[in-house]
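Okay, everyone, thanks for coming. Let me put the structure up, and then I'll walk you through a few bits of it.

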Amino acid sequence: MNKEMITSKQGVYLLTLFMIGSNLFMGLAPAAKSNAWIAALIGTLMALPIIFIYARLLSLFKGRDIFDILNLVFGNVLGKIVALAYIWYPLHLGAMVIRDLGEFFNTVAMPETPMLLPMLFMGFISIWAVMAGVELLGRCSKIFFPIVVIIMFITTLLVIPYLNFAHLKPVMYDGIGPILNSGFDIFSFPLAETVLFLGVFSALKTETSIYRVYYSGLFIFAAIGVLLTLRNILVLGGDIVSVVNFPLYVEVSRINIGEFIQRIEVSVATTFVITDFIKVSVCLYVTCLGISKLFGLKNYRSIVVQTGLLMVLLAYIMYENIMDMIYFAFEIYAYYALPFQVILPVIILVIAEIRIRAGQLQTGKRY
Amino acid sequence: MVVLVIFSYALIIYLDLIPLYRKKLWRDFGVNMALTLLTFAIAFLISLDVAVPSPVYPIKNLIISILGK
C-alpha cells in the first residue's frame, strides 16, 4: 500500500504557512489598535489548550483522519451527520481565503483586473496541487517557508529607519476588555483553524510526536505574528492599522531608501499569494476527503476539480463588496467558527475518552 | 461569457467525468455528476448576470439574532 507521507518538518512548515495565510495581511486584531501585539500574545495563550485537544485526538487515533474518527466515535449515521459540518467548514473557509485574495488584487495590487480572474487561477493551482496529493503540499511548504521568512526578514531590516516607538505609547488605554476581545479574534481566525489539520496529519510519519509538530507550528507563527504586528504598529501607528484593509502592504510600500530601494510591496504580495495557496489547498483537500469519505468513494481525486470550482464560485458570490467581507471576517466569523473549532472537538474528545476507557473502541497503537 | 462557460464545462466533462464513466466507478461518477451540475448552474447564472443568493447572509443573520448585536 503506497500511503502518502509527510515528514514532521514539512508538517510544521505546512502548519505555519497555513496560519500565516491571508489573515496576517489583513492585520491581526485591528480593533485593538496599538495594543494588537498584546492581543496576539493573548490569542496564542488561548490557543494552547485547544491545540492540545486537537493533538490529543490525533494521537489517540493514529493514522486516521477526522472523518474516520467521527465514524468511530459517533457511529455510522451520527458520524456522517457531524461530518457534514466538517465538509462545509473548510469549503467556506477556503472560499473566504480565495475571496481575500480576490479583494486584495481588486483593491490594491491590480485594480483593473476583474476579480474572478485571480480567484480562478488560485483555484486552478490549488486543484492541481490537491490532485497531486498531500505529499506535494508538504514539499511545497518546505520550499515556500524559507522564501516567506526571508522576505519578512528583509522587509523588517528595511523598515528600521521608519520605526517610531511613540506609536506604542498609550498601552492598554481602553483597559483589558478590547484586548481580550481581539485576542479571541486571533484565536479563531488563524490559530484554531488548525482543526482542519485533523484531516491532513493522518499522513504524518508515525514515529514523530504530534504534539511537537502542532506546538512548534504554533510558536513559529506566534513569533512571526507578534513581530509583524509590532512592526505594523511601529511604522504606521495604531489608528492607521485599524483603518487600512491590508496594513502590511501599506507599510512596506512606504519603504524608500535612497530613492533606490522602493516599491518592494510586490514582495509582500508574493508571500500573500504563497500562503494563500497553501491555505486554499489544505481546505480543498479536507473538503474533498470529507466528501469522498461521506459517499464512500474510491479516491478523493475524482471530485477535486468540481469541488475546487465550487469553492471559487462560492467565493465569488459570497459577499457583495469588501466592507461585507471585513465585517464578516472580524465581527461574525469568530462566533460562527466556534462550534467547528471548539465545541465539536471537545465533544468528540470527551466521548472518545469515555468509550476508550470503557473498552468499546479499538484505537490501534498508542504512545 | 455564456459560450465560454458552456465550452469550458464541455472540456471539463470530457477530461474529468468521462474517464470515471469508462472506469465504471459509479459512485464517483454520480457524486461528480451532481457537483458538476451544481457548479454549472452557478457558473451559468453568474455568466447571465443573475444575482445568485449568497449562503453567507443567512449565517450572518442567524448569528446576529443569537448574539443580539
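Let's begin with chain B, which reads α-α-α along its sequence. That's three helices and zero strands. Keep in mind that what you're looking at is a predicted model.

So how spread out is chain B? Its radius of gyration comes to 17 Å, while the globule rule gives 11 Å for 69 residues, so chain B is more spread out than a compact globule. You can see that in the box its C-alpha atoms fill, roughly 55 × 30 × 10 Å along the principal axes. And of those 69 residues, 13% count as buried.

Now, where the two chains meet. The contact uses 22 residues from chain B and 21 residues from chain A. Which helix gives the most? That's helix 2 of chain B, with eleven residues. Sorted by class, the chain B side has 14 nonpolar, four polar and four charged residues.

Over to chain A, and helix 5, residues 116-132. Several of its residues are buried, including A:M119, A:M122, A:G123, A:S126 and A:I127. What covers them? Among the elements doing that are helix 4 (76-109), helix 6 (134-158), helix 12 (265-295) and helix 13 (304-318) of chain A. And just after helix 5 of chain A, look for A:G133, which takes a positive phi of about 110°.

Terms used:
Residues are numbered from 1 along each chain as its sequence is written. Chains are lettered from A and ligands numbered from 1 in the order in which they are written. This is a predicted model: local features need pLDDT of at least 70, side-chain atom pairs count only at pLDDT 80 or more; totals for chains, interfaces and linings use all residues. Two residues are in contact if their C-beta atoms, placed from the backbone, lie within 7 Å. Helices (H or I, at least four residues) and strands (E, at least two) are DSSP runs, numbered from the N terminus. Ala, Val, Leu, Ile, Met, Phe, Trp, Tyr, Cys and Pro count as nonpolar, Asp, Glu, Lys and Arg as charged, and the others, Gly among them, as polar. A residue is buried if 20 or more other C-beta atoms lie within 10 Å of its own, exposed if 12 or fewer, and partly exposed in between; C-beta atoms are placed from the backbone. The radius of gyration is taken over C-alpha atoms; the globule rule is 2.2 Å times the number of residues to the power 0.38.
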